[in-house]
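Please examine the structure shown below. The paragraphs that follow lead from its aromatic rings to its ligand.

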Amino acid sequence: MPVPLSPDEARQFLDSAESPAAYLDLLDAVSFRSAGAALRLGVFEALADGPLPVAEIATRTGTDPLGLRLLLDALAGYGYLTRADGRYANSANTARWLLRAAPDSFAPVLSFWTTVVTGWWHDLEESIRTGGPTGDFYAWLEKQPETLADFQTMLRRLSGWLGGEIVDLLPVGADDRSLLDVGGGHAGYPVAFLRAHPHLRATVVDLPGALEQGAVTVAEAGLTDRVTLCPGDLFTADWGTGHDLVLLFNIVHGYQREQVSSLLCRAAAALRPGGRVALLEPLAEVPQRPPGPGEAFVRMFSLNLFHTQGGRAYDFPELADLLAGAGFTDVRQTMLTRSDTDHLVTAVLG
Ligand SMILES: C[S@@+](CC[C@H](N)C(=O)[O-])C[C@H]1O[C@@H](n2cnc3c(N)ncnc32)[C@H](O)[C@@H]1O
């Protein structure tokens, strides 16, 4: 959590030359990292049922009592924990957001981004110098089962939040039969479409590890007979032909222009004439909605995409140009009402 400051104290750092704002960034970075450590060590879960003394938390988490006490004090200073009568407790915000049992828990997000920032951003300078990613992000992710599960859980929950609006924005005709979800991993979006349209079937192409969570989502929805999961690489797997609707949700931002162009051409080849493609993306143009973290998120996200995958957040004219180059017309953009950053971009083949 950000360092707790009064408005006057914050002004001294942010609106005056009296103090370096970077000092707050240093403290906030340590706050983020400490919370990630507490999450991984199981501190918040240990405190789920009420306050405990440090010795008991150390026993439950298998940690060193002195090191743990210093971590707990740091977390209390930031507001993740409270401390009274020699016992530590989850703060109200931690209890609300960082316990894993909550259906909308923020724990998978904090855990995933802790791994990205500590595991990938240590050599950020390198990608900026060389102009390319320092590794293969998704190949790496496939080898990290816990991080992969956090990643797909985070996105599946987002699909639960956004899916209804997206289904409403993409009408499916009575004659439409087939939806292809490219890089659909957790399968939350095809399940939303199939629930709304009983005559539709879906195919999901993704890497094998990513599809493990997809298989669970589909089974829990009772849709195994209407969904085909196809493990494979996006650039080489068989996407089939004659689909009515192709979803490319949060995919193109992972790639450079030429690769995006190639994916869009593959989408065109997989569609029937007049079929539609839909992209879900945080676009580079961030709308001026009421103040919030949307702009900061998109800039951070775009930098992360460049560093980890060689991609970036595209702007709408660039995507429209790429779609036109792949043979699509009637390119449209809609900002989702349930998100500060996500846009649906749709286009028709031919
Ligand atoms: C950002 S996630 C988006 C997941 C889902 N479409 C959504 O919007 O929630 C990107 C997905 O693309 C998959 N992916 C990335 N590179 C891939 C590749 N080369 N071949 C197959 N799938 C890939 C990942 O495994 C992951 O599930």
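Phe44 is buried, and Tyr80 is buried as well; buried means under 20% relative accessible area, exposed means over 50%, and partly exposed lies in between, with a 1.4 Å probe and protein chains only. The model is a predicted one, in which local features need pLDDT of at least 70 and side-chain atom pairs count only at pLDDT 80 or more, while totals for chains, interfaces and linings use all residues. Residues are numbered from 1 along each chain as its sequence is written, and side-chain values use heavy atoms, with hydrogens and water left out.

The structure contains 14 aromatic pairs. Rings of Phe, Tyr and Trp (its six-membered ring) pair if their centres lie within 6.5 Å; planes under 30 degrees apart count as stacked, over 60 as edge-to-face and the rest as tilted. Phe44 and Tyr80 form a stacked pair, with 6.2 Å from centre to centre and 25° between the planes. This pair links distant parts of the chain, 36 residues apart: Phe44 belongs to helix α3 (residues 43-46), whereas Tyr80 lies in the loop between α5 (65-78) and β2 (81-84). Helices (H or I, at least four residues) and strands (E, at least two) are DSSP runs, numbered from the N terminus.

Elsewhere, ring pairs join Phe112, Trp113, Trp120, Phe137, Tyr138, Trp140 and Phe151 into a cluster.

Rings also meet charges. The charged end of Arg96 sits over the ring of Trp97, 3.8 Å from its centre, and that of Arg338 sits over the ring of Trp161, 3.4 Å from its centre. A charge sits over a ring if NZ of Lys or CZ of Arg is within 6 Å of the ring centre and within 35 degrees of the ring normal.

Consider next the ligand. It is surrounded by 19 residues, of which the closest are Gly183, His186, Asp206, Phe249 and Asn250; a residue is counted if one of its heavy atoms lies within 4 Å. Helix α10 (residues 145-169) gives the most to this shell, with 3 residues. An oxygen atom of the ligand is 2.6 Å from a side-chain N or O atom of Asp206, and an oxygen atom of the ligand is 2.8 Å from a side-chain N or O atom of Asn250. A nitrogen atom of the ligand lies 3.1 Å from a side-chain N or O atom of Tyr255. Taken alone, the ligand exposes 590 Å², and the protein buries 95% of that; these accessible areas come from the Shrake-Rupley method with a 1.4 Å probe.

Note on methods:
A polar contact is a pair of N or O atoms within 3.5 Å; within protein, one must be able to donate a hydrogen and the other to accept it, and residues adjacent in sequence count only if both atoms are side-chain atoms.
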